[in-house]
Amino acid sequence: MFNFKQLEIILEPQIWREAATQVFFALGLGFGGVIAFSSYNKRDNNCQFDAVLVSLINFFTSILATLVVFAVLGFKANVMNEKCIAQNSKMIATFMKMGNISEAFIPQYINFSAVTAEDYRIIYEIIKHVKQEEFSGLHLDPCNIEDELNKAVQGTGLAFITFTEAMTHFPASPFWSVMFFLMLINLGLGSMFGTVEGIITPAVETLKVKKEIATIICCLLAFCIGLVFVQHSGNYFVTMFDDYSATLPLLIVVILENIAVSFIYGIDKFMEDLTDMMGFAPNRYFYYMWKYISPLMLLSLLLATGVNMVLHSPGYDAWVKDKRYL
């Protein structure tokens, strides 16, 4: 059953910041990749049509990815919950044979060889009510599928732990595992093409260096920096870069870009440039979004994020060797 209290999470600024960051990553905003690629277009290219088309494709792709992700997480939670019910049902049957639990309390229609989630819930509540003082010593798990869903992780853990574990339960799991990691490799390469292009293009056009040389230097630097993430402590660096280097700074960069175009260069002059390029005036929707709506929303999000960071000190999860068995 859906818990409406979970909707309270949308009031947290961190959720909206991560949602905005996801949009920035998906569309390549703030990285310079879109600007670098668009610089190769013809002058009379219909950039308004391209912007709307790319946004719609990204939207439907995100919806598809969301369906896939939650379907896999739901499948894993259901499998783990069934495993939990089976294990605890065997424990209850053993307690009944040992006389710790009387068979008179268990409904006769329940078949312990195939206990459903509803049947187990009934048995669990009965035993919890009857064995109030001794219940904690039985070590029975409630086996709620909501608890399994709440165990879902995010970031690298989602891709390399949760999805990997879920795929072990798929039919022909080796095939799907190979396809999944090939998809991750292609996704990473595709993302880096745009990111590296956003670095190389300004360097080539400003410094007048050969594109091959700029590409080699950029890739070597990225490779050397990436070595930090493959150390034993690499996961900590990944978490810190993801939380504090690729989210809040990216939001600030996008805000500065918006202000530079709308107020420093001038939104009216920018609209005239687009009209001269495309041969027709862009929709007024873009004018009001660029000048009013987007800056206000982004600044509000930045302000809320700053307040949240002041009220809650930044931190990260750490593995404590002395407490690994607790």
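Reader: What percentage of the chain is helix over residues 288–311, and how far apart are the end C-alpha atoms?

Author: Helices (H or I, at least four residues) and strands (E, at least two) are DSSP runs, numbered from the N terminus. Residues 288–311 are 100% helix and 0% strand, with the end C-alpha atoms 33 Å apart. This is a predicted model, in which local features need pLDDT of at least 70 and side-chain atom pairs count only at pLDDT 80 or more, while totals for chains, interfaces and linings use all residues. Residues are numbered from 1 along each chain as its sequence is written, and side-chain values use heavy atoms, with hydrogens and water left out.

Reader: Which residues does UniProt list for "transmembrane region"?

Author: UniProt positions follow the numbering used here, with shortened feature names, and annotations may be inferred rather than shown by experiment. The unreviewed entry lists residues 20–40, 52–73, 175–201, 213–234, 246–267 and 288–311. Over residues 213–234, the chain is 68% helix and 0% strand, and the end C-alpha atoms lie 29 Å apart.

Reader: At what angle do the axes of α11 and α12 cross?

Author: Axes are lines fitted to C-alpha atoms, for helices over the stretch in contact, and angles run from 0 to 180 degrees between N-to-C directions. Angles under 35 degrees count as roughly parallel, over 145 as roughly antiparallel, 65 to 115 as roughly perpendicular and the rest as oblique. The axes of α11 (residues 248–278) and α12 (residues 284–311) come within 10 Å and cross at roughly 165°; the two helices are therefore roughly antiparallel.

Reader: How do α8 and α9 cross?

Author: The axes of α8 (residues 173–207) and α9 (residues 211–226) come within 10 Å and cross at roughly 135°, so this pair is oblique. Contact means heavy atoms within 4.5 Å. On α8 the contact is made by Val-196, Glu-197, Ile-199, Ile-200 and Val-204, and on α9 by Lys-211, Ala-214, Thr-215 and Cys-218.

Reader: Which residues does UniProt list for "binding site"?

Author: The unreviewed entry names Asn-58, Leu-187 and Ser-191. These span 134 residues in sequence, yet no two of their C-alpha atoms are more than 13.8 Å apart, so they gather at one spot.

Reader: Is Leu-187 buried or exposed?

Author: Buried means under 20% relative accessible area, exposed over 50%, and partly exposed in between (1.4 Å probe, protein chains only). Leu-187, in helix α8, is exposed, with a relative accessible area of 51%. Ser-191, also placed in helix α8, is partly exposed at 42%.
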